Amino acid sequence: MRKFYLVQKTGSLRNLKYIQSEIPVLEKGKVLVAVKSVGLNYADIFAIMGLYSATPKGPFIPGLEFSGEVLAADSAEFIPGQKVMG
């Protein structure tokens, strides 16, 4: 299971919804990362509030930065257990 906060509608921090869902099947050429931490900053709060010019259209998971560990990879560049950030 994966757990995350999703913004379904901007305008209030109360619109953050805690979601649990199955881990999706790894797509070709993709990397599955167990996210251990995210960076929530000014731009993220503004996006949640709907005040940021680059706010995604539709639902989104806030956090412009992350770090974690590769769980699975369909790529020669990454291996399970590797520490990553983005």
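## Aromatic pairs

The structure, a predicted model, holds two aromatic pairs. Rings of Phe, Tyr and Trp (its six-membered ring) pair if their centres lie within 6.5 Å; planes under 30 degrees apart count as stacked, over 60 as edge-to-face, and the rest as tilted. One of these pairs joins Tyr 5 and Tyr 18, which is tilted because the ring centres are 5.2 Å apart and the planes stand at 50°. This pair links distant parts of the chain: Tyr 5 belongs to strand S1 (residues 2–7) and Tyr 18 to strand S2 (residues 16–21), 13 residues apart.

Tyr 5 is partly exposed, with a relative accessible area of 47%, and Tyr 18 is partly exposed at 46%.

## Basis of the model

Residues are numbered from 1 along each chain as its sequence is written, and side-chain values use heavy atoms, with hydrogens and water left out. In this predicted model, local features need pLDDT of at least 70 and side-chain atom pairs count only at pLDDT 80 or more, whereas totals for chains, interfaces and linings use all residues.

## Overall fold

Helices (H or I, at least four residues) and strands (E, at least two) are DSSP runs, numbered from the N terminus. The C-alpha trace spans about 40 × 25 × 20 Å along its principal axes.

Of the 86 residues in the chain, 19% are buried. Contact means heavy atoms within 4.5 Å; among contacts between residues at least 6 apart in sequence, 51% join residues at least 24 apart.

Lys 3 lies in strand S1 and counts as exposed, at 54% relative accessibility. Leaving aside neighbours within four places in sequence, Lys 3 is in contact with Tyr 18, Ile 19 and Gln 20. Lys 3 and Ile 19 are 16 residues apart in sequence, and their C-alpha atoms are 5.6 Å apart in space.

Asn 15 is found in the loop between S1 and S2. With neighbours within four places again left aside, Asn 15 is in contact with Leu 6, Val 7, Gln 8, Lys 9 and Thr 10.

## The largest pocket

The largest pocket has a volume of about 930 Å³. On a 1 Å grid over the protein atoms alone, a pocket is an open set of points where a 1.4 Å probe fits, with protein on both sides within 12 Å along at least five of seven lines; lining residues have an atom within 4 Å of a point. Grid points are joined across faces, edges and corners, and a volume is the space filled by probe spheres set on the points.

The largest pocket is lined by 29 residues, of which Arg 2, Phe 4, Val 33, Val 35 and Ile 61 lie nearest its centre. Two or more lining residues come from each of S1, strand S3 (31–39), helix H1 (42–49) and strand S4 (65–73). S3 gives the most, with seven residues.

## A salt bridge

A salt bridge is a side-chain nitrogen of Lys or Arg within 4 Å of a carboxyl oxygen of Asp or Glu, and the count comes to one. The side chains of Lys 83 and Glu 69 form a salt bridge at 3.0 Å, N to O. The pair links distant parts of the chain, with Lys 83 in strand S5 (residues 83–85) and Glu 69 in strand S4, 14 residues apart. Lys 83 is exposed, at 62% relative accessible area, whereas Glu 69 is partly exposed, at 25%.

How values were computed:
Buried < 20%, exposed > 50% of the residue type's maximum accessible area, 1.4 Å probe, protein only.
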